[in-house]
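Trainee: I would like to learn how to read the features of a model such as this one, going slowly from single side-chain pairs to whole chains. Could we look at it together?

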Number of protein chains: 2
Amino acid sequence: MVRLYVDQPLVPEQPVSLTRDQAHYLFGVMRLKAGDALALFNGRDGEFAATVARAGKKDGELAVGARTKPLQMPPDLWLLFAPIKKARTDFIVEKAAELGAARILPVQTDFTNSERIRRDRLQAHAVEAAEQCGGTYVPEVAELEKLGTVLDDWPADRRLIFCDEAQVGAADPLQGPRGKAAILIGPEGGFSEAERARLAALPFVRTISLGPRILRADTAAVAALTLWQAALGDW
Amino acid sequence: MVRLYVDQPLVPEQPVSLTRDQAHYLFGVMRLKAGDALALFNGRDGEFAATVARAGKKDGELAVGARTKPLQMPPDLWLLFAPIKKARTDFIVEKAAELGAARILPVQTDFTNSERIRRDRLQAHAVEAAEQCGGTYVPEVAELEKLGTVLDDWPADRRLIFCDEAQVGAADPLQGPRGKAAILIGPEGGFSEAERARLAALPFVRTISLGPRILRADTAAVAALTLWQAALGDW
């Protein structure tokens, strides 16, 4: 069953007009025809049954039926990561959406090479991952910000789990308390001494190790999200 | 520090001759010159300090110094997975090596599309991952085999952890006993009814869920390896 994300309110009996990209995806790529069924979600209202009412080359219309699933919010977990090479950055965003991060924040660290990201492209990856994994929520991908700025404005009630690649060794279990949290993954090359000193001194930071091998940034992101979800999240 | 895997015995004071590919990597890509230091490992004898004795365009020689790390075997954990699209298959092998799988077995299931794999290319990915992550061991990538054949010959003392995407929901904690284990990840599209029935009936199989979202095969592989390593492995 094809699942499509649309950025508009979803109400039974209220038709949905398709953009050119959506029409191309549904009718060109997925080969749906008039009368075919699909599922719709918008990240806010849950999932709805729908059928193709009109299939055009550059547009189309969907008939919206009953709501089939309520909105399921993921736990209040953010992922902060330093953008790396394009394919691995895309991968991190896809995996964060699949693994149920609520918000994805690219951060620029002292050793981050890229000074800009294509936020819209990364957001599209998060949408596609949500379409694939059956989720009804799409995490927001924030604009790239300096790590220092993010830490200056940090909400005191959110724990920041710092995955420190310099602490290679026995992994600490991710224990409670449950509640607002964020995972911080460094770039290839790790964090600078200044960053490490600042992180160590912050009261909301908890430092953890991810085992005896040095994980690539994308592996570390998936591993940390998995451990958190299994121990404190919705797994 | 550059780390190089070589497929030959490593003994202090016994020089190592480089293949054309190795010479290209060290001198062309990593720009090492005569006298530069690097680390060597062969998956059997640990890690050794080395220096470039001669750097040629198509060959070269390394001087081998003292052993700097003993061989560190990962836990006796296998990963069985159904090959998927090329980039994601490469990714699974890379991540399995990083996360400390001891052996990687591509299996052909009823819904597997690819009927062959490039075993040598996948093995090269495992080597590269070991070079990157500081490991001294390289997991063997086995030839593609039918899942049924693998199950026919299954060693009774190895637990098979079947990550069942049809069991979306609360994840089961990975509890003991420690000991020989293998993780089985299905292809996109999951397992056939016949496969599921057979797996359910086998005494060495333990079925687990990986949370409330349907994970892609590559995400599921990383998540399951992470959970096993954290609960029962060497993290």
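**Reading a predicted two-chain model**

Mentor: A:R44 sits in the loop between β3 (37-41) and β4 (47-55) of chain A, and A:D7 in the loop between β1 (3-5) and β2 (16-17) of chain A, so the pair ties together parts that are 37 residues apart in sequence. Please keep in mind that this is a predicted model, in which local features need pLDDT of at least 70 and side-chain atom pairs count only at pLDDT 80 or more, while totals for chains, interfaces and linings use all residues. Residues are numbered from 1 along each chain as its sequence is written, chains are lettered from A and ligands numbered from 1 in the order in which they are written, and side-chain values use heavy atoms, with hydrogens and water left out.

Trainee: Are A:R44 and A:D7 buried or exposed?

Mentor: The general idea is relative accessible area, where buried means under 20%, exposed over 50%, and partly exposed in between (1.4 Å probe, protein chains only). A:R44 is partly exposed at 42%, and A:D7 is exposed at 57%.

Trainee: Which elements do A:D152 and A:R198 lie in?

Mentor: Helices (H or I, at least four residues) and strands (E, at least two) are DSSP runs, numbered from the N terminus. The side chains of A:D152 and A:R198 meet in a salt bridge at 2.8 Å, N to O. A:D152 belongs to helix α4 (residues 147-152) of chain A and A:R198 to helix α5 (residues 193-201) of chain A, so parts 46 residues apart in sequence are tied together. A:D152 is exposed, with a relative accessible area of 55%, whereas A:R198 is partly exposed at 32%.

Trainee: How many residues apart are B:D90 and B:K86 within their helix?

Mentor: An α-helix has 3.6 residues a turn, so residues three or four places apart point the same way. B:D90 and B:K86 both lie in helix α2 of chain B, four residues apart, about one turn of the helix, and they form a salt bridge whose closest N and O atoms are 3.7 Å apart. B:D90 is buried, with a relative accessible area of 9%, while B:K86 is exposed at 53%. Elsewhere, salt bridges that share partners join A:R88, A:R216, A:D218, B:E94, B:K95 and B:E98 into one network.

Trainee: How many salt bridges does the rule find across the interface of chain B and chain A?

Mentor: Side chains of opposite charge can pair when their charged atoms come close. The rule finds 10 salt bridges across this interface, and the count over all chains comes to 44. B:R213 and A:D234 form a salt bridge, with their closest N and O atoms 2.9 Å apart.

Trainee: Which elements give two or more residues to the side of chain B that touches chain A?

Mentor: They are α2 (86-98), α3 (119-133) and α6 (217-232) of chain B, and α6(B) gives the most, with eight residues. Overall, 31 residues of chain B are in contact (heavy atoms within 4.5 Å) with 31 residues of chain A. The area buried between the chains, that is, the accessible area (1.4 Å probe) that two parts lose on being put together, summed over both, is about 2,600 Å², of which carbon and sulfur atoms give 57%.

Trainee: Why is α6(B) described as largely enclosed?

Mentor: Of the 16 residues of α6(B), 14 are buried, so the helix is largely enclosed by the rest of the structure. B:T226 is found in this helix and counts as buried at 0% relative accessibility. Not counting residues up to four places away in sequence, B:T226 touches A:A223, A:T226, A:L227, B:L99 and B:W235.

Trainee: How many helices and strands does chain A have?

Mentor: Chain A has six helices and 12 strands, and its C-alpha trace spans about 60 × 35 × 30 Å along its principal axes. Buried residues make up 54% of the 235 residues in chain A.

Methods
Salt bridge = Lys/Arg side-chain N within 4 Å of Asp/Glu carboxyl O.
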